[in-house]
Amino acid sequence: VYLFLVSVLFIVYSYFGYPAILWILSRVRRDDGRSIQARPEGNLPRVSLLISAHNEEKVIEDKILNSLTLNYPNNLLEIVVVSDGSTDNTDEIVKQYGERGVVLRRFEGRIGKTACLNNAVPLSRGEIVVFSDANSMYERDALRELVIPFRDENIGFVTGLTRYTPAHKEGAADAIGLYSRIERCTKRFESMIGSCVGADGAIFAIRKRLYRQLKSTDINDLVIPLMIIKQGCRGVLSERAVCYERAANERGEFSRQIRVASRTIRALVANRDLFNPFRYGLFSFQLFSHKVCKLVVPFFLMILFVANVSLFSGSFFFAMTMFGQLFIYLLSLSAGFSSYAVFPSRMVTAIRTFVVVNCAILVGWLQYFRGETYTQWSVTR
């Protein structure tokens, strides 16, 4: 019974309890002077927009045109496409926009996104560096919204939001959107009481002077923020800095989640000093609750199932919870073999996404223990 209850409480805490605690803390500390005000128009910083790309000929022109129409002064914006050994027409397309100020930085050898950024960031001219992907289309005012918080000298990084549009199955995008909303609320409350944990890799900005060289295997949208926290600065969410991406198909999303989980585990182990509350205070609690708890949910799901099996006999309550678990897993499995038109409920797709994500995390753990690392990324669209 003890294992059953602990497992249930831990799983609920990981997804809902932690955001609830943050909400309470944000109410207590809402008037602590952390509100962000607009930067005067005449003091806009110089920005370098770095667009990571590998074989993105299908979307790179749309991304460049999107970047050229952003509501930011041309003389203060440097647009750089960072090509990781592209073998298609990506580089040729970028060169066509050289006269309009778009810079191509090509790095040979398929060295990986993080290694490319290690080379590209020092060459950038902006005081603020914005990281983006080739398939992420920014709203017109996204850059302005990203730089506003930097008027506070304690702000080291600012993350925006990605909204997903359906590619194949609308239900899949809805489910991803649901988890994105949970993540958005979590980051909002974290920003209000201290620093948000991690950033959205498709749209986040940092002070260039705070960038530190990373290992080629590092997951940049987590490790860069962690390095900035270690330097005594904080990060916040700018909810009005928005970009749009087409949701990947389920197989591609599953592979991405495995890769993210494995690299996140490695990053947390490498930066385990951040879990020292005597040195990093509240952020240690935030990092543990936001990242570690979700990474161990798959193990608690297994413990919950085994504990439920042992309690099944002779108890109506535990018989119902057992059937409930089986129903969730069977529903998730059947939804994978059926059209979302048959399973139109957002709740069904959210449940399936929960199961699939935790399966991916489990595979990520297996890859971590086997010593597998990632330096390259592939298009999953």
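This is a tutorial dialogue on reading a predicted model of one protein chain.

Me: Which strands run parallel, and which antiparallel?
Reply: Strand 1 (residues 47–53) and strand 4 (residues 128–133) run parallel and are joined by six bridges; Leu 49 has Val 130 of strand 4 as its bridge partner. Strand 6 (residues 155–165) also pairs with strand 8 in the parallel sense, over nine bridges, and Leu 161 stands opposite Val 242 in strand 8. Strand 5 and strand 8 (residues 234–246) are paired in the antiparallel sense over two bridges. There, Met 137 has Tyr 244 of strand 8 as its bridge partner.

Me: What share of the residues of the chain count as buried?
Reply: A residue is buried under 20% relative accessible area, exposed over 50%, and partly exposed in between (1.4 Å probe, protein chains only). Of the 381 residues of the chain, 54% count as buried. The accessible surface, from the Shrake-Rupley method with a 1.4 Å probe and, for residues, only the protein chains shown as cover, comes to about 17,900 Å² for the chain. Carbon and sulfur atoms account for 59% of that surface.

Me: Why is helix 7 largely enclosed by the rest of the structure?
Reply: Nine of the eleven residues of helix 7 (residues 220–230) are buried, so the helix is largely enclosed. Among them are Asn 220, Leu 222, Ile 224 and Pro 225. Just after helix 7, Gly 232 takes a positive phi of about 90°.

Me: What covers the buried residues of helix 4?
Reply: Seven of the eight residues of helix 4 (residues 113–120) are buried, including Lys 113, Thr 114 and Asn 118. Their cover includes strand 1, strand 2 (77–84), strand 3, strand 4, helix 7 and helix 8 (250–270).

Me: Which residues of the largest nonpolar core touch the most other members?
Reply: A nonpolar core is a set of buried Ala, Val, Leu, Ile, Met, Phe, Trp, Tyr and Cys residues joined through side-chain atoms within 4.5 Å. The largest has 56 residues, and Leu 50, Phe 131, Ile 206, Tyr 211 and Ile 224 touch the most other members. Helix 10 (residues 282–311) gives the most to this core, with eleven residues. A second, separate core of 36 residues includes Val 47, Val 59, Val 94 and Ala 241.

Me: What does Tyr 211 touch?
Reply: Contact means heavy atoms within 4.5 Å. Leaving out residues up to four places away in sequence, Tyr 211 touches Thr 114, Leu 117, Asn 118, Val 121, Phe 131, Ile 206 and Ile 224. Across the chain, 80% of contacts between residues at least 6 apart in sequence join residues at least 24 apart.

Me: Is Ile 265 buried or exposed?
Reply: Ile 265, in helix 8, is buried, with a relative accessible area of 3%. Ile 265 and Ile 361 are 96 residues apart in sequence and 9.6 Å apart in space, C-alpha to C-alpha. Not counting residues up to four places away in sequence, Ile 265 touches Leu 295, Gly 364, Trp 365 and Tyr 368.

Notes. Residues numbered from 1 in each chain as written. Predicted model: local features only at pLDDT ≥ 70, side-chain atom pairs only at ≥ 80, totals over all residues. Heavy atoms only, no water. Helix = DSSP H or I, 4+ residues; strand = E, 2+ residues; numbered from the N terminus. Pairing = 2+ DSSP bridges.
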